[in-house]
Amino acid sequence: MIEKKPWMSWIFFVNIVIVLAIVAFVVFYSSREHEAGLTEERNQFTNMIIAMERITTNYLEHEQHICNIWANFINDKDATPEEAMDYIRLTQSGYDEGSAHIIFPDDLTIIGLSSEADVGNPANFGVSYRGYDLFKEIRNQDLASSEVRVTRAFTNPKNGATSLAFYRGVDINYQGAKRKALLLRIVPISKISQRWVLPTEKYEDAEISLIDGKGNYMIKGSSFKNSSFLEFYKSYNSTDYTAVNELEQEIMSGAGSFIMNDAQGRKCLIAHSPVDTSNGWAILGYIPADRLYTDSIDWTLVLVVAAAIVILMIIDVGVLIFYNKELANTALEADYANKSKSDFVSNMSHEIRTPITAILGMNELIRRESVNEIVLGYAANIQKAGESLLGIISDILDFSKIEAGRMEIIPVTFASEDLIRDLHNLIRFRAEGKGLSIEWKIDPDLPKKFTGDELKVKQIISNLLTNAVKYTEEGGVTVEIRAGEKNDKLTDLYVAVTDTGIGIKPEEMDKLFSAFDRLDAKRTRTIEGTGLGLSIVTRMLDLMGSKLEVESTYDVGSKFFFTLKLEIADPTPIGQYDPETAENTAGGGDYKSTAFTAPGMSVLIVDDTPMNLQVIEGLLRRTQMKVDTAASGAECIEKVADNDYNMIFLDYRMPYMNGIETLHRIREDYGEKIRHVPIISLTASAVSGDRERMLEAGFTDYLTKPINVAEMEAMMIKYLPADAVNLQERAGKEEEAEHRNEEVDKLPEALKNLGILDIQAGLDYCGDAEDYLYALETYEKSVDEKADIISANLESGDFESFTLNVHSLKSTSLAIGARELFQRAKDLEAAGKEEDAEVCRRDLPELISLYKELGESLKRILD
Ligand code: ADP
């Protein structure tokens, strides 16, 4: 049966959790990467702004350098303003943008000369800086300083462009005397921005500005708003005074970057780098933050991937659930089919057992009633084959019962001695037959009695023993039984069966316990077996919480062993015990079959198999009881109505009306009449729950089928009135001898003196004097006729008929105890088989004369 596992309903949620975990990881990972990427991009952008700053600084230094060259020329050459201008014009030809001026700051009009002519009057090179703020600053400068300074943009008085001014003081020869003058170089501020380049498309939206120490723009990118950067920052970010102050300091103190809001409220990155040569100038780079990092977390992608995984999961789980259902259904069907098969096999085996037991029973009757040795030979073969078939069927029945889960443990109290003795009796003939030794190593501390499923324990050990003998050709089998760990109630029973047989190949070990598998096919092909024994053993042990273990060496031998927990029923130690020596004392009982007669008693046996009835009837004949039979519930009711029975055996499984129904009907209708009559149920063997059901249903006791007559007789002895039963213990050897003597006494004296007859043997064969005399009579009547036929057979050379008739003479002679005749007939039979005419002719006359002589003596005595 396929059961739904509790985790199955969780699997969907587990999947959801896994998917969420994957998505969370993707988000976490990509945002971390995104952060790292952003930092990287920020650094790159800042580095680029630093590079722009380097370009700017280089340019400023370059311009300062030119100013110095000019100033040095003027100072060194003591040049007049005109000479200076000529020189400047000459050297600045490469610098077409911008102009140079020499002006006199001490003159309040701040006039001087320019390197470029006035646009409106090409002959005029004079300049006037009256009113320019530039000179407010410059006046304060030390004109003696040889350092070239640069100041922020002012409009060039010559062309009106926003410009930078580089300046330093020079001594000029003015009308023969030295006069302090200012050398100015004015360049459009665009000369700086022209040098700025922002590579790659990525920086398309980037802008660069140049600010002075107060944050005022000198070069202003279009995204930079307000008149000063600090104002811009205040307008769109923070008006906090300290924050603005800190920002100002940060910008001027070194290169770096920060994120702020731009005029559109977007995040933007500002990178900054102070310009080296100026006091407080700085380059600012601006770029919208989203341009910087195009690989930002793509939420759509994350969502799509997550959704795809979820859909995939739902589809997968759906498909899995669908196929699981299919599989579960198929497994259920298979399970059902398997169970039906097991049930079928179990029922079939049961059904087969019934006719086989009937056959064996019939055969038993033949064996008892026939004196013909040919027939007895056939009957012996039937018995052998029937028992073997019954064994196989029992194995299959056991196996299918285990398969169908219908095997149950039935605990009883049993004596260890009985168990061991039974096992010994079971195996010793087989072992002796193969010339194998059996050694029993019984632990003297083994408790005397146990409570457990004796039958199964016996079946397990006997299976191992049978295998050990089956698969061993030389040497022997050792059985070790000992008590293991013990407490007051329980003990471990350790059993090991070791043989010196064919052993098992290591590679075949794992097939050992699988049903229907037989190993080493080449060697075991000729050994009878179904391959079920060991799987039954393992499953029975499993039912009892134990396990079969094997150690085996190929070609050397095997050891099968297990440890079983059993309840102790009597803790007295068994002491020294060996079934081989104990057999004669304790084992005697096994050869006794309790026989009894109960004349005057009458029993009814109800079973729907007529053959069973016939067998039971036949076997019970010697009890001298009146045995009635009924083949159905209805017939049983009729018989009960018309007769008084002392005991009733009622089959449980019958068509139309089963045993329980029949019981209820007779109890209802004839309650008073059968009140004291024991009614025994005949039930299918040990099927789970049947026993309890029978006793509950009101049966006095139960017997398992197939019926064993000895058990049936024991049941009769138990329930029939004691004074009606005459017990005869047959088999104690002395009693038997006594019985035989009594029978001998009944024979005519003359017969006893007839040397040619062994009357003891004859009585043994025929049972009692009456039957023996009857057998002798029959024998005597056929002597003449048989003698003639045999002689005629030989004469006509019909060896086949000759042998057959001599054989018959041989068996009948043995049955009446005519040993010599038997021996001669046996020899002649052999010669007949060989068609040895010479020997036959030589020996037949003597046989015939002996035969006739016996015939005549018998005729005389019996008449
Ligand atoms: P079966 O004897 O009816 O074939 P079992 O289930 O009892 O079936 O045993 C299965 C197989 O295991 C046997 O066919 C045989 O090959 C192997 N086997 C069992 N017992 C022994 C043993 N004592 N020695 C060697 N081989 C064994």
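**View 1. A polar contact of 2.9 Å joins the side chains of Ser99 and His101.** A polar contact is a pair of N or O atoms within 3.5 Å; within protein, one must be able to donate a hydrogen and the other to accept it, and residues adjacent in sequence count only if both atoms are side-chain atoms. This is a predicted model: local features need pLDDT of at least 70, side-chain atom pairs count only at pLDDT 80 or more, and totals for chains, interfaces and linings use all residues. Residues are numbered from 1 along each chain as its sequence is written, and side-chain values use heavy atoms, with hydrogens and water left out. Ser99 lies in strand β1 (residues 99–103). Helices (H or I, at least four residues) and strands (E, at least two) are DSSP runs, numbered from the N terminus. Ser99 is buried, with a relative accessible area of 0%. Buried means under 20% relative accessible area, exposed over 50%, partly exposed in between (1.4 Å probe, protein chains only).

**View 2. An open sheet of 5 strands runs in the order β8-β7-β11-β10-β9, with antiparallel pairing.** β8 (217–219) and β9 (256–261) stand at the edges, each with a single partner strand, so one side of each has no neighbour in the sheet. Two strands pair if DSSP finds at least two bridges between them. β10 (residues 267–274) and β11 (residues 282–288) pair over 7 bridges. His272 stands opposite Leu284 in β11.

**View 3. Helix α5 (residues 229–236) packs on the sheet.** It touches β7 (207–211), β8, β9, β10 and β11; contact means heavy atoms within 4.5 Å. The direction of α5 makes about 45° with that of β9. Helix α6 (residues 241–253) also packs on the sheet, and its direction makes about 55° with that of β10. Ser235 lies in α5. Ser235 is partly exposed, with a relative accessible area of 42%.

**View 4. Asn658 caps the N-terminal end of helix α18.** A side-chain oxygen of Asn658 lies 3.0 Å from the backbone nitrogen of Ile660. In α18, Gly659, Ile660, Thr662, Leu663 and Ile666 are buried. These residues cover an arc of only 160° around the axis, which puts them on the same side of α18. The arc is that of the directions from the helix axis to the C-beta atoms.

Definitions and conventions:
Axes are lines fitted to C-alpha atoms, for helices over the stretch in contact, and angles run from 0 to 180 degrees between N-to-C directions.
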